[in-house]
Amino acid sequence: MEKRVTFDHRLLPYLLLTPQLVVTVVFFFWPAAQALYQSLLLPDPFGLSSRFVWLSNFEYLLTDRYYLQSFTTTAVFTFFVTLVSMSVALLFAVLADQVIKGAGTYKTLLIWPYAVAPAVAGVMWLFMFQPSIGVLAFYMKAAGFRWNPVLDGTHAMTLVILAAAWKQISYNFLFFLAGLQAIPKSLIEAAAIDGAGKWHRFRTIVFPLLSPTTFFLLVVNVVYAFFETFGIIHTMTAGGPGQSTTILVYKVYADGFVGQDLGSSAAQSVILMVVVGALTIIQFRYIERRVHY
Amino acid sequence: MKFRTIVSAATALTVVLPAMVGAAQAQTQIQFWHAMSGRLGELLDAQVAKFNESQNDYEVVATLKGNYSEALNAGIAAFRAGEQPHILQVFEVGTATMMAAEGAVKPVYEIMEEAAEPFDANAYLAAVAGYYTTADGQMLSLPYNSSTPVLYLNKNALEAAGLDPEARPATWPEVEEILVKLKESGSACPFTTAWQSWIHLENLGAYHNVPFATQANGFEGVDAELVFNGDLQVKHISKLGEWAEEGLFSYSGRRNEGGARFRSGECALFTESSAGYAGVKAEADFPFTVTNLPYWPDVEDAPLNTIIGGASLWVMSGHEAEEYTGVARFLTFLSSPEVQAQWHQDTGYLPITHAAYELTREQGFYEENPGTDVAIKQMTGKEPTDNSKGIRLGNFDQIRTVIDEELEAVWQGQKDAKAALDQAVSRGNELLRRFEQSVR
């Protein structure tokens, strides 16, 4: 006969859930509802009056060719930021995992960039790569490379991707390193005794065992690229040249906080919310199947 | 003994402290939010300190709130929270936003009247004050730091190209001849510009008496429509596009990134605000000329006056009458000839009153610093028309971004000038309609 512990108290489960529910409502549902409501309004900047305009904010956005284009820009940006920051971080983590002497120093140095504010990171990269004032840009030009992120959209995109990825490497590095150190050494040693090479061991043992970490980081990095990079873009390119680096969240920021068009900004937030919701579902439905816990 | 000391000390404190606090409270605080950082911030702080020392009733507290956009946003957010400052510095692009915010701002003429401060709107340069006054001549915000675009030339570069180092090209065709020679002599950047929309579209229109928008550039109503895709503008932007392709014009960025390239000697000619003078003078180790913005000689009426950039001081509503008296005193102080003349000479901004201009001339400043009076002469040479009074459009910050985006396509050779300007006009008009809807 099966033995089960039961709680007869009816209210206890609700009581235990309350803190979590309160936090979710206050910090997620309430702001989300506010955004939904605001997206139907056209307020003036000072909040002296606002008009209910139904869905015209959405209509305005979805008929704007430039707004639609920024979905593609965002996809490209997010893909490369995630790819670069995760692969470089994994490489560093694997290397740092093997270091014995001075490991602490290496780790500290690798974690440092995470403490840099996005806007500061943007300005720092500008000092290196802005064609007029950049130190490295000067040498690149001297070497005959026609580097011009001010007018060349591809160059500008490369620059913001590198800066955004650079900032996120530290975070990914930390998780990858922890993941690597959690892998039992005995497994790897056994494989080594069986004659598996370094690369073979990594591909068949280490990487699969890292898959929960990798999946977690994938979700976190996509969210990062989507939501936390407007400071970098604002300081480096302001969305230009043309609109080649205007990703969705930058437009939310520019329209809402610079242009004071709060209605449009709210509508864009709602669209972003839907997009990220859909992305998360896709990630958990299709990619999580390859994850071994 | 010890006990007594403590008692007497306590008595002393209870008597003296309230008196001190009372004295401190008698001073009314005036909050002043601005966007002047670096050297300009120091100069502004000096003005404020001077005002605070000059009297005992009011204390102005100046706070830096970031760049122009950020300061405006901080002011708006503070107003929404009921914590607005008394005085807010707003750049010219935000003028329409502030004007539309009836109930959030208190017009300057009203404040001066209520405080019975001597105030004459005619004392201010018409071309500057016109930007901030209503159609019937009531001044809404106090002009503070205004500048206008001029042309800077590197004399060494001209000489190296076998040109007259004293050359002062007055027209764009003359500029072109110089640029070609510079290019032939191996210059990597014969010409660059700062603030492309402000200089090469907004000022281009005013200077040639061509409208930027209908309704007198937006002065007469929020239903204005952009019209900067006319023949003159298309011609000018096509020309710059050609120059970009031929390597005569090198684009540096949306703001004043070109300044570094001019000051380092990389670029030979540079169109930039007159307020860039202080920086060029401090950093450039070559002789340079400041001259008028070039114009197109085949346009009738040209050149007229150019229009201003920079910022003005808005007074926000919702404070005590007593505090507004202090604000009025401070504004009078800022407009006084001595304070203005000093500001003008230190920064390169225009003197905002006729008296400050006269004073600077009497002091011999223009003779000692050739080129510093170009801007003011260019601004005041002619009577402003509907097209050259200024520009007052809602969502203007975003419209400028649209213009930047479209012009960048021209400099890259992706679009021709006509297509880019048409596109900019239609995208900008959508933004204007949104603004119109939001303030109705």
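Hi everyone, let's start with chain A: of its 293 residues, 42% are buried, meaning under 20% relative accessible area with a 1.4 Å probe and protein chains only. This is a predicted model, where local features need pLDDT of at least 70, side-chain atom pairs count only at pLDDT 80 or more, and totals for chains, interfaces and linings use all residues. Residues are numbered from 1 along each chain as its sequence is written, chains are lettered from A and ligands numbered from 1 in written order, and side-chain values use heavy atoms, without hydrogens and water.

The predictor gives the complex an ipTM of 0.84 and a pTM of 0.87.

Back to chain A, which has 13 helices and two strands, taken as DSSP runs (H or I, at least four residues; E, at least two) numbered from the N terminus. Its C-alpha trace spans about 75 × 70 × 30 Å along the principal axes.

Now, what is the volume of the second largest pocket? About 710 Å³, as the space filled by probe spheres set on grid points joined across faces, edges and corners. A pocket here is an open set of points on a 1 Å grid over the protein atoms alone, where a 1.4 Å probe fits, with protein on both sides within 12 Å along at least five of seven lines; lining residues have an atom within 4 Å of a point. Among the 28 lining residues, those closest to the centre include Thr82(A), Met86(A) and Gln283(A). And which helix gives the most to this lining? That's α3(A), with ten residues. Thanks, everyone!

Key
Buried < 20%, exposed > 50% of the residue type's maximum accessible area, 1.4 Å probe, protein only.
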